[in-house]
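Try each task before reading its solution.

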Amino acid sequence: MTGPMPFALHYVGDGYSTDAKLMGRQAVGKSLFRAVARRWPSGDVYGFGRSVARTMMNQLQREGFAGRLVWREQGSTSPPEGFPGVVYHPGPIPVALAHDRNREGIGAYSLFGVTHTLSSLGAMDSLGDLAGAPFQPWDALICTSAAAVVLVRSLMAERRDWLAEHYGATRFAEIELPVIPLGVDVAGLARSPADIAAAREALALDSDEVVFLFAGRLSFHAKANPAPLYLALERASAGRRLVCIEAGQFHNEAIAESYRDAQRTLAPSVRFLHAEGSDPSAYRNAWSAADVFVSISDNIQETFGITPVEAMASGLPVVVSDWNGYRDTVRDGQDGYRIPVVTPPPGGGIDLALRHALMLDSYDRYIGQYSMATAVDLQVLARRLAELADSSDLRARMGASGRVRALAEYDWSVILGRYQALAGELDRLRATAPERSHPWPMRPDPATLFGHFPTRNLSAEWMVSAPAGRESALEDVLRLRMTSYVIDPVRLPPDMIREIYTLAQARPGRLGDLMAAAGGGGRSRVRALLWLAKLGLVDLRPPG
């Protein structure tokens, strides 16, 4: 699918960068951003957000972008000509973003976001919020896996049932919930024979050593507890030379030592290597040297899992737990193996959830406790690891199958095509938006809410004048931090203040006439006038 970019990127925080934090959400956002720059390399790319257009453009140019960034400031009501009517947010859509849209008009544009971790209190609350206003049927939340969409629907239904029981609510938002996986750069993840040979030489790996790779956050309580993998590798090591590379970052040295201690205790026959995730060369060597990728996730914070897809794109066979999004991506017996998992029956973790909800336990302790009640079938895992260690043909066949699947289903060119199709569908749905607007409850205009505070409110009939010869005084207060801190290029430009002052000198009279001469009495112009009056540079007199 070609054509102009049909949606804008809500450019926020670390949503598209790994500079401040290296986790799955940031890595995926950075990969998407790179894919956008490559798909529209010399066209228009659309950005939406606070005053960070320059930051976004700099990042685009680092990715080779040579086109034009068309920017819309969040909170504005005048989009640039040709700006798309769909905005992408790199996570579940914030309530405030939807309220801001509704302030302009519920059909002003569509919003679509994407699921990542869904087990935190904030994430679950945001999913419950999707069940009602301020969201609209022309908004969407992309669910990255079948497991994610079941979870989202469950939380939304729970929220609706609660609202119906307590308030008799009967009308709820029905946003779109398409299942679209996360994408990867398949071409960029390819491994050549020369890459493999150089990496194995750099890591001093012998030809008969079979390398199992885990890549990701190295956190036993918040990502994947490696103890089952260590036990299975030890069982599979009989008569075999096995190496396990763990590529990623430890949060601190205490966690790193806990890994080393477990390795010595649970898998003394296996050789372990660590590739630092913040070192691009070491991280790349770990991937290039591997024979098999393993990710035995057991944590509820995982809902998709990008690294198995990256492994498939790299041509590696994949061994994963039969867990959430892994079940969608890895075909058991074709691209690798999925290992059975068992957890408590319904009701078996409510005490853990309540302790976390009451802040008696941290989020890390909550998910870590449930992780330790999630058991992987060690016998099956050890058997599958041994089968792959024994057969280079099996590894090659499964790796090739996975790479074909990654190219067909998970390359960003495919995923962006699905995003484009979704944007078109949201445009179609938004065309049915009724002609009404919804204010933002509990966030009213202060001039209205606090309008009874002052002696008087300004109106078009007030008289405005300005004494001559105060230009230098105006420039003085424009430089003072105490008075200029509210000045910015969008909401209160200094040239607008100068314009109002000049007009008040040249055309003293009714405020309505002055504003008409300035091009209209918009909010910013009225605040510019009051800024001048506050500092004695114009005189305001009520009618009569």
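Predicted model: local features only at pLDDT ≥ 70, side-chain atom pairs only at ≥ 80, totals over all residues.

**Exercise 1. Covering a helix**

Solution: 
- Step 1. The residues being covered are A123, S126, L127 and G128, within a helix that runs over residues 121-129.
- Step 2. Leaving aside residues up to four places away in sequence, H116 touches R25, V28, P90, G91, L182 and T303.
- Step 3. P134 is 18 residues from H116 along the chain, and their C-alpha atoms are separated by 21 Å.

**Exercise 2. The chain as a whole**

Task: Describe the protein chain by its secondary structure, its extent and its contacts.

Solution: 
- Step 1. Count the elements: there are 22 helices and 17 strands.
- Step 2. Along the principal axes, the C-alpha trace spans about 100 × 55 × 45 Å.
- Step 3. Of the 544 residues, 48% are buried.
- Step 4. Take the contacts with a separation of 6 or more: 76% of them join residues 24 or more positions apart.

**Exercise 3. Reading a sheet**

Task: In what order do the strands of the open six-stranded sheet run, and is the pairing parallel or antiparallel?

Solution: 
- Step 1. Strands of a sheet pair through backbone hydrogen bonds, and the pairing can be parallel or antiparallel.
- Step 2. Here the order is β9-β8-β7-β10-β11-β12, and the pairing is parallel.
- Step 3. The edges are held by β9 (271-276) and β12 (336-339); each has a single partner strand, so one side of each has no neighbour in the sheet.
- Step 4. From one strand to the next, the twist averages 20°.
- Step 5. Zoom in on one pair: β10 (residues 292-295) and β11 (residues 318-321) are joined in the parallel sense by 3 bridges.

**Exercise 4. Two sides of a helix**

Task: Check the length of helix α15 (residues 392-409), then work out which residues are buried and what they pack against.

Solution: 
- Step 1. With 18 residues at 1.5 Å a residue, α15 should span 26 Å; the end C-alpha atoms are 25 Å apart, so the two values agree.
- Step 2. The buried residues are L394, R395, M398, G399, G402, R405 and A406. They cover an arc of only 125° around the axis, so they lie on the same side of α15.
- Step 3. On the face turned away from that buried side, you will find the exposed residues D393, R397 and V404.
- Step 4. The partners of the buried residues are β7 (209-215), β10, α10 (306-313), α11 (326-329), β12 and α14 (378-390). Among them, β7, β10 and β12 also belong to the sheet of the previous exercise.

**Exercise 5. Charged pairs**

Task: How many salt bridges does the count give, and which residues take part in the salt-bridge network?

Solution: 
- Step 1. Side chains of opposite charge can pair when their charged atoms come close. The cut-off used is a nitrogen to oxygen distance within 4 Å, and the count comes to 32 salt bridges.
- Step 2. Start with R327 and D322, whose closest N and O atoms are 3.2 Å apart. R327 has 41% relative accessibility, so it counts as partly exposed, and D322, at 23%, is partly exposed too.
- Step 3. Next comes D335 with R331, at 2.9 Å. D335 is buried at 0% relative accessibility, whereas R331 is partly exposed at 27%.
- Step 4. R428 and E425 meet at 2.6 Å, N to O. Both lie in helix α16 (residues 412-430), 3 residues apart, about one turn of the helix.
- Step 5. The network links D206, D208, E209, R241 and R271.

Terms used
Residues numbered from 1 in each chain as written. Heavy atoms only, no water. Pairing = 2+ DSSP bridges. Helix = DSSP H or I, 4+ residues; strand = E, 2+ residues; numbered from the N terminus. Axes fitted to C-alpha atoms, helices over the stretch in contact; angles between N-to-C directions. Expected span 1.5 Å × (residues − 1). Buried < 20%, exposed > 50% of the residue type's maximum accessible area, 1.4 Å probe, protein only. Arc of directions from axis to C-beta. Contact = heavy atoms within 4.5 Å. Salt bridge = Lys/Arg side-chain N within 4 Å of Asp/Glu carboxyl O.
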